[in-house]
Amino acid sequence: PGAPSLYLITEKVRPLLSVLRELRLKMSKEQCNEYIAMGLREVTKAIAFLANDCKLVHGNVRMSSIVVTETLEWKLNAFDMLAEHQAATTGEWPLRTWSWMSPGQYKPAEVGKGDWSAVVNGPPYAIDAWGLGCLVQEVFSGAPLDKMEDLRNMDVLPPNLTADYQKLLSSAPNKRLSPQKFLDKAEFLKVKGAELIEVVENINMK
């Protein structure tokens, strides 16, 4: 018998930023917001699963870490810094070793200062809750985060999202809104979706 074969199955995807720019030309603002809500739901589910079920930290949640499939579904990507939460104080913790991969404007205070004991003592979701807040800002401003001060811009956000957005970005890790609670309680994320899916399916994304 010959050597065993390894097959890698991949899926064609596109960067979220370019997809949103195209959709904003083809959808109404209301439809686009509903599409964003559906996408945020899927990404938040993934983050909540990592934190709650696996006790893992993604460590690099932002718009450039989200890809979009041909059916316009959002997928969490860029797992380069994925790490066990309780290993944060060890020298080889990926988020410590590879923190240079994430620009400063995306880092919560405890990561920016290298306070790894605060990371361990905080909830597993704290770092990624901050990243989720960064993602929210980016998808509504339509551009990557340039500096941390951009997170204060709430004029671009839907009114029913601002309170939850602020809780995601709490300076204290223990006070940040968990992704699961964001998923369960955020009014903005509660969209019907059926009519929107039909609209999305009819859009030709070339």
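Trainee: In which helix does Ala126 lie?
Mentor: The structure shown is a predicted model. The helix that holds Ala126 runs over residues 126–141. This helix is H6.

Trainee: Is Ala126 buried or exposed?
Mentor: A residue counts as buried when its relative accessible area is under 20%. The relative accessibility of Ala126 is 4%, so Ala126 is buried.

Trainee: Which residues does Ala126 touch, not counting residues up to four places away in sequence?
Mentor: Sequence neighbours up to four places away are set aside here. The residues that Ala126 then touches are Glu110, Pro173 and Arg176.

Trainee: Why do the buried residues of H1 line one face of the helix?
Mentor: Helix H1 covers residues 16–26, and its buried residues are Leu16, Leu17, Val19, Leu20 and Leu23. They line one face because, seen down the axis of H1, they fall within an arc of 160°.

Trainee: Which helices are included in what covers the buried residues of H1?
Mentor: The cover includes the strands E1 (13–15), E3 (66–69) and E4 (74–76). The helices included in it are H2 (29–52) and H6.

Trainee: Which element gives the largest share of the largest nonpolar core?
Mentor: This core has 46 residues, and Leu16, Tyr35, Ile36, Trp74, Leu135 and Val139 have the most contacts inside it. Elements that give two or more residues to the core include H1, H6 and helix H7 (162–168). The largest share is nine residues, and it comes from H2.

Trainee: How many residues has the other core that lies apart from it?
Mentor: Among the residues of this other core are Val57, Ala88, Trp116 and Ile127. Its number of residues is 11.

Note on methods
Residues numbered from 1 in each chain as written. Predicted model: local features only at pLDDT ≥ 70, side-chain atom pairs only at ≥ 80, totals over all residues. Heavy atoms only, no water. Helix = DSSP H or I, 4+ residues; strand = E, 2+ residues; numbered from the N terminus. Buried < 20%, exposed > 50% of the residue type's maximum accessible area, 1.4 Å probe, protein only. Contact = heavy atoms within 4.5 Å. Arc of directions from axis to C-beta. Core = buried A, V, L, I, M, F, W, Y, C linked by side-chain atoms within 4.5 Å.
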